[in-house]
Amino acid sequence: MPFLRTALSFLVLLLLPPGTEASGGTWCYATQDAACGPAHWEALDHQCGGANQSPINVDRKTVRRSRELDAFVFKGYNTATAGAWSIANSGHAVQVNLGSGISVSGAGLPAVYNALQFHFHWGNPNGNGSEHQLDGNQYPMEVHIVHMHSKYTDIKVAATDPNGLAVLGFFYKVSDTDNTNYNTIIDGLQSVSYSGDSVDLASTFRLDSLLPPENLLNRYYRYRGSLTTPGCAEAVIWTVFEDPIPISSSQLSAFVNSVHFSASGQTEVKMQDNFRPVQALNRRRIYASKQASLSSGTIPALSIVLLIFPLLAIRLL
Ligand SMILES: *[C@@H]1O[C@H](CO)[C@@H](O)[C@H](O)[C@H]1NC(C)=O
Ligand SMILES: [Zn+2]
């Protein structure tokens, strides 16, 4: 197997020479090289300076409840689907490429969206690294499950459509015990230590085993945004789930301390803080699902009317 792994890694390196992402030229996170970090992305791709960028802070004082945001229909999430999954180090994140047969619909989405891959964003030993924030809190890590509108087969084409992609984002929180549902992925990290590394996972598993329990999956926030890496296409219907996924500090440490931005043989640079800072909300609105929590500080518009109207009436008398 070691030979096969090396051969596979080499093949991926040939297929993905550095700096040839779909668009955007050579980009990086500032922990790798300040000269190509998020502050410079707009110069590489003008879309990164757009008005509808991701990630954002989900400020629950300003979210609006939407009755359309009911339960998701998850297909293929509760079976170990056929076909190999691979884990890869893209040089920017650790990504698991999924086989076919996994999709989401419902939950206010305009179509069925097929799952392509999921990947992680994390921080450093002393700092959290989620991309989204909830009420200004950054979490230790975040996973993005990337889905594409079922009418597309090419993500480059989907990225030109505001409804082209649907990404599900989940936060992590540190728990006292290991989340054993992550064993396959944590073990896989050893095989993707360097940029360009890629191996097939020993087995597929239920994708929903990585997520919070099903009864919490109807608690989420929805807004329209972008890819969080260049070219930053504004093609994403974002769902940020309220309830974090527990993992132990040693599991978190496996991401933070054992993966590299650099390729094998290059000067080692640990993959840390591979998250984009939060972007301005601008004119957008964030919606809460039927079951999601609104901040206790929210005063519904109707109660303001009910409060002010009697006061006016008293004054007029
Ligand atoms: C990091 O995340 C934890 C939740 O796991 C939270 O308690 C802590 O306040 C966060 N730190 C920062 C600086 O946001
Ligand atoms: Zn992401």
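Reader: How many bridges join strand β8 to β9?
Author: Two bridges join strand β8, residues 133-134, to β9. The two strands run antiparallel. This is a predicted model, by the way.

Reader: What is the bridge partner of glutamine 133 in β9?
Author: Glutamine 138.

Reader: What sheet are these strands in, and in which order?
Author: An open sheet of three strands, ordered β1-β8-β9. Its pairing is mixed. The edge strands are β1 (57-58) and β9 (137-138), and each pairs on one side only.

Reader: New topic. Which residues are around ligand 1?
Author: Asn128, Gln138 and Pro140. Glutamine 138 is also the bridge partner of glutamine 133.

Reader: Where do the polar atoms of asparagine 128 and glutamine 138 come in?
Author: For asparagine 128, a polar side-chain atom lies 2.3 Å from an oxygen atom of ligand 1. For glutamine 138, a polar backbone atom is 3.5 Å from an oxygen atom of the ligand. The protein covers 40% of the 360 Å² of accessible area that ligand 1 has on its own.

Reader: And the zinc ion? What are its protein donors?
Author: His119 (NE2), His121 (NE2) and His144 (ND1). They lie 2.0 to 2.1 Å from the zinc ion, ligand 2. Along the chain, the donors follow the spacing H-x1-H-x22-H.

Reader: Why does the pair of histidine 119 and histidine 144 tie together separate parts?
Author: Histidine 119 lies in strand β7 (residues 113-122) and histidine 144 in strand β10 (residues 141-149), so the pair ties together parts that are 25 residues apart in sequence.

Reader: Are histidine 119 and histidine 144 buried or exposed?
Author: Both are buried.

Reader: Why does cysteine 232 count as buried?
Author: Because its relative accessibility is 0%, and buried means under 20%. Cysteine 48 counts as buried too, at 6%.

Reader: What about the handedness of the link between cysteine 28 and cysteine 36?
Author: Right-handed, with 105 degrees about the S-S bond. The link of cysteine 48 and cysteine 232 is right-handed as well, with 85 degrees.

Note on methods: Residues are numbered from 1 along each chain as its sequence is written. Chains are lettered from A and ligands numbered from 1 in the order in which they are written. This is a predicted model: local features need pLDDT of at least 70, side-chain atom pairs count only at pLDDT 80 or more; totals for chains, interfaces and linings use all residues. Side-chain values use heavy atoms; hydrogens and water are left out. Donors are N, O and S atoms within 2.8 Å of the metal (3.2 Å for Na, K and Ca); water is not among the atoms, so sites may look incomplete. Helices (H or I, at least four residues) and strands (E, at least two) are DSSP runs, numbered from the N terminus. Buried means under 20% relative accessible area, exposed over 50%, partly exposed in between (1.4 Å probe, protein chains only). A residue is near a molecule or strand if one of its heavy atoms lies within 4 Å of it. A polar contact is a pair of N or O atoms within 3.5 Å; within protein, one must be able to donate a hydrogen and the other to accept it, and residues adjacent in sequence count only if both atoms are side-chain atoms. Accessible areas come from the Shrake-Rupley method with a 1.4 Å probe; for residues, only the protein chains shown count as cover. Two strands pair if DSSP finds at least two bridges between them. A disulfide is a pair of cysteine sulfur atoms within 2.5 Å.
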